[in-house]
Amino acid sequence: MDGVRGLRRRAVSPVGFFAELPAGPGREPLPGREAWERPEGVLPGTVPYNLLLVRNERAAVSVGSIRAYPEGFEFTVHARVRRTGPDAWPFDPLGHRPGAAAPGERLRLGLLFADGRRAEAHGGIGNPGAGPGEVHLMAQGATAGGSGWDGDFWVHPLPPPGPLRFVVSWREQGVDEVSGALDGTVIRTGARQAVVLWPDAEPYPDPPGARVRTFTLRLTSEDEPPAE
């Protein structure tokens, strides 16, 4: 229980969760807001839970600051390392820093819904290849220092009732897969506290006399002018 009511932690197979997920982003995000992205005109409800997933002599990872929306929720991952040198960044999802660990060694984050749906975080886009109703888990932004990293993530849709499991692997810090869970009903209850300020804005109308051009984008190596 880790001293926090409603939360559970347990070790899981080092090859069980992430081995069944896509290997990485499959496409670039499209212009405009996708249906699974976080809405802007909503004040979220709060869910007062914190879950300590990893704590050893080298590193710690916790999940908290859960904010619930009508169709999804946000949470913050707090990662810390015991600093041993000037280049001690704990989490580098894109591997841009010099000397970054291999993808399988860096901190990985996944979610498992009670009905079996799952997803792994892959930067700022949704679950690669996910269809309607599938889980999208997206990085929203982060702050980092020499020994700590705090990152926000967005999840769509809301979880069903039952265990919602957060899964992490951080082999760079000696951690195989571990997970912890809370009841999805807690987040669904928080979502009922969200306040919708205004619906998504309608597209701006074209000014009078504007010429509208329609074109088709073809995936080809040749440059073609857009069709009038």
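Modeller: F75 has a relative accessibility of 0%, so F75 counts as buried; buried means under 20% relative accessible area, exposed over 50% and partly exposed in between, with a 1.4 Å probe and protein chains only. This is a predicted model, in which local features need pLDDT of at least 70, side-chain atom pairs count only at pLDDT 80 or more, and totals for chains, interfaces and linings use all residues. Residues are numbered from 1 along each chain as its sequence is written, and side-chain values use heavy atoms, with hydrogens and water left out.

Colleague: How many aromatic pairs are there?

Modeller: The count comes to five, where rings of Phe, Tyr and Trp (its six-membered ring) pair if their centres lie within 6.5 Å; planes under 30 degrees apart count as stacked, over 60 as edge-to-face and the rest as tilted.

Colleague: Why is the pair of F75 and F166 edge-to-face?

Modeller: Their ring centres are 5.1 Å apart and the planes are at 80 degrees, so the pair is edge-to-face. F75 lies in strand 6 and F166 in strand 11, 91 residues apart; strands here are DSSP runs (E, at least two residues), numbered from the N terminus.

Colleague: And is F166 buried or exposed?

Modeller: F166 is buried, at a relative accessible area of 1%.

Colleague: Which residues form the aromatic cluster?

Modeller: The cluster consists of F73, F75, W149, F153 and F166.

Colleague: Changing topic, how many residues has the largest nonpolar core?

Modeller: It has 36 residues; a nonpolar core is a set of buried Ala, Val, Leu, Ile, Met, Phe, Trp, Tyr and Cys residues joined through side-chain atoms within 4.5 Å. F73, F75, L137 and F166 have the most contacts inside it.

Methods: Helices (H or I, at least four residues) and strands (E, at least two) are DSSP runs, numbered from the N terminus.
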